[in-house]
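Subject: A structure to look at

Hello,

Here is the structure I promised to pass on. Please open it alongside this note, and take your time.

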Amino acid sequence: MNIRRASFDHPDAVKLNDLVQAEYHVRYGDGGDATYLDPAMFVPPVGLYLIAYDEQERPVATGGWRSQEKNDEGYEDGDAELKRMFVMEEMRGRGLARRILAALEEDARAAGRTRMVLETGTKQPEAVALYTSSGYEPCAKFGYYRFYESSLCFAKPL
């Protein structure tokens, strides 16, 4: 696997984002994640977006982080928020998400971020298992879905 930096609006990123949004819709029936995301949020040093490619140069996984500071949505100063972690179904179980997660954590730490945070949901047990096995612990809810019962928020010091 080859993991490369990309812009959030790169055609391969858009393709994979459409797939993850479709999966969210199947799991939650709500049309996908309505959190506002701008490509500028993932430009170093305030963020990073990664795409993993297989041996045939097909985009198969993504993930990114964006900077957050203390605000009325529950973020704290120094937060790096994970967004759009996704692995195509046929590529799951190969450690791709774990590799992307580690690269994002390393980059956010190098950028001076002090805590990685993420929001997932009750209908994503695979995501919860990945994050808890990677040292993430439940935290106070934040972000767009902080008032939703199905929202689960996790954090890890960097």
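First, some ground rules. This is a predicted model, in which local features need pLDDT of at least 70 and side-chain atom pairs count only at pLDDT 80 or more, while totals for chains, interfaces and linings use all residues. Residues are numbered from 1 along each chain as its sequence is written, and side-chain values use heavy atoms, with hydrogens and water left out.

Helices (H or I, at least four residues) and strands (E, at least two) are DSSP runs, numbered from the N terminus; two strands pair if DSSP finds at least two bridges between them. Seven strands make an open sheet with mixed pairing, in the order S1-S2-S3-S4-S5-S7-S6. S1 and S6 are at the edges with a single partner strand each, so one side of each has no neighbour in the sheet. S6 pairs with S7 in the antiparallel sense over two bridges, and Glu-137 has Ala-155 in S7 as its bridge partner.

Two helices meet these strands. H1 lies across S2, S3, S4 and S5 (115–121), at about 85 degrees to S4. Helix H3 (residues 125–133) packs on the sheet and touches S4, S5 and S7, its direction making about 160 degrees with that of S5. Contact here means heavy atoms within 4.5 Å; axes are lines fitted to C-alpha atoms, for helices over the stretch in contact, with angles from 0 to 180 degrees between N-to-C directions.

Now the rings. Rings of Phe, Tyr and Trp (its six-membered ring) pair if their centres lie within 6.5 Å; planes under 30 degrees apart are stacked, over 60 edge-to-face and the rest tilted. The count comes to seven aromatic pairs. In one of them, Phe-8 and Tyr-49 are edge-to-face, 5.2 Å centre to centre with 85 degrees between the planes. These two residues are 41 residues apart, with Phe-8 in the loop between S1 (2–5) and H1 and Tyr-49 in S2. Both Phe-8 and Tyr-49 are buried (under 20% relative accessible area; exposed is over 50%, partly exposed in between, with a 1.4 Å probe and protein chains only). Tyr-75 and Phe-142 form a tilted pair, with centres 5.0 Å apart and planes at 50 degrees.

Finally, Val-43 sits in the loop between H1 (11–28) and S2 (47–53), and is partly exposed at 44% relative accessible area.

Best wishes
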